[in-house]
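Biologist: Can you walk me through this one? Please keep it simple.
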Amino acid sequence: MQISPSILSADFANLERELDRIGNADWAHVDVMDAHFVPNLTLGLPVVEALQKVSPIPLDCHLMIEDPDRWAPSYAEAGAGSVTFHVEAAQDPVRLARALRSAGARAAMALKPGTPFAPYEDLLPELDMVLVMTVEPGFGGQSFMADQMPKVTQVREAVRRHGGEVWIQVDGGVSASTIEQCAEAGADVFVAGSAVYGADDAAAAVDRLRELARSHTH
Ligand SMILES: O=C(CO)[C@H](O)[C@H](O)COP(=O)(O)O
Ligand SMILES: [Fe+2]
């Protein structure tokens with residue numbers, strides 16, 4: 001059970017300090033948005049390279065960008081521990097996942113709420129993680145989509161069948177009131193932006209979320 005706080009809800013003028021607030025988390029989730037794949041613009045490679053130098057924990061880069069085949073490997077080369085591309089935007093997901101792994105990162109594939117998992121099941125051996133989005137990507141602070149839980153369970157069952165060690169991440173609207181159903185459905189990596197950075201004590205929020213997830217393991 002791993003917690004990956006999203007710095008999308010952090011103070012962008014003080015990112016080093018904001019990373020230190022979540023030093024007890026497993027990952028720091030970095031939402032890269034390009035104003036094309038999603039209608040919002042956040043940060044890109046130069047900022048990720050700077051964060052990589054100061055982060056006390058590994059970076060979990062979630063790329064909501066067009067043409068990840070071209071851009072994603074640079075995030076792995078920058079030292080990100082995990083790089084997630086959206087399958088809706090990828091030209092050649094197998095080749096891309098292999099490039100990410102050979103650059104030393106964990107390779108992850110994300111699915112928007114409207115994207116089914118079944119057509120991509122065969123990609124599992126190439127992947128270290130599948131991200132099931134629980135909001136429409138683009139913005140923090142949106143409402144959790146419980147209707148994505150059957151997809152989480154479907155991915156969990158496929159991972160069992162394939163026998164690999166593929167993590168299942170949920171991202172969007174994850175909080176103390178929604179994390180339990182995610183864990184019960186089969187997720188094991190939990191992104192939380194507003195629920196962590198909106199708390200006075202971000203580290204305590206991380207511990208609480210991890211404890212809730214642990215006690216509802218599938
Ligand atoms: O990928 C994302 C949005 O596209 C963010 O990671 C996600 O929304 C986190 O924020 P919150 O927990 O506030 O929903
Ligand atoms: Fe994200």
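Predicted model: local features only at pLDDT ≥ 70, side-chain atom pairs only at ≥ 80, totals over all residues.

Biologist: Good. Which residues does UniProt annotate as "active site"?
Modeller: The UniProt annotation covers Asp31 and Asp171. The entry is unreviewed.

Biologist: Which strand holds Asp31?
Modeller: Asp31 lies in strand 2.

Biologist: Is Asp31 buried or exposed?
Modeller: Buried, because 25 other C-beta atoms lie within 10 Å. The cut-off for buried is 20 or more.

Biologist: And what does Asp31 touch?
Modeller: Leaving out residues up to four places away in sequence, Asp31 touches Ser6, Leu8, Thr42, His62 and Met64.

Biologist: Now Asp171. Where is it found?
Modeller: Asp171 is in strand 7, residues 167-171. With 26 other C-beta atoms within 10 Å, Asp171 is buried.

Biologist: What are the contacts of Asp171?
Modeller: With residues up to four places away in sequence again left out, Asp171 touches His62, Leu131, Met133, Thr134 and Val191. His62 is in the contact list of Asp31 and in that of Asp171.

Biologist: Switching topic. Which residues come nearest to ligand 1?
Modeller: Ser6, Pro137, Gly140, Gly193 and Ser194, out of 22 residues around ligand 1.

Biologist: Which elements give two or more residues to that shell?
Modeller: Strand 2 (28-33), strand 8 (189-192) and helix 7 (194-197) do.

Biologist: How many of the shell residues are nonpolar, polar and charged?
Modeller: The shell around ligand 1 has 8 nonpolar, 12 polar and 2 charged residues.

Biologist: Back to His62. What is its bridge partner in strand 4?
Modeller: Thr84. Strand 3 (residues 59-64) and strand 4 run parallel, joined by 4 bridges.

Biologist: Why is strand 4 called largely enclosed?
Modeller: Because 5 of the 5 residues of strand 4 (residues 82-86) are buried. Ser82, Thr84 and His86 cover one side, and Val83 and Phe85 the other.

Biologist: How many bridges join strand 4 to strand 5?
Modeller: There are 5, and these two strands run parallel. One pair is Ser82 with Arg106 in strand 5.

Note on methods. Residues numbered from 1 in each chain as written. Chains lettered and ligands numbered in written order. Near = placed C-beta within 6 Å. Nonpolar A, V, L, I, M, F, W, Y, C, P; charged D, E, K, R; others polar. UniProt positions renumbered as here; feature names shortened; annotations may be inferred. Buried ≥ 20, exposed ≤ 12 C-beta atoms within 10 Å, placed from the backbone. Contact = placed C-beta atoms within 7 Å. Pairing = 2+ DSSP bridges.
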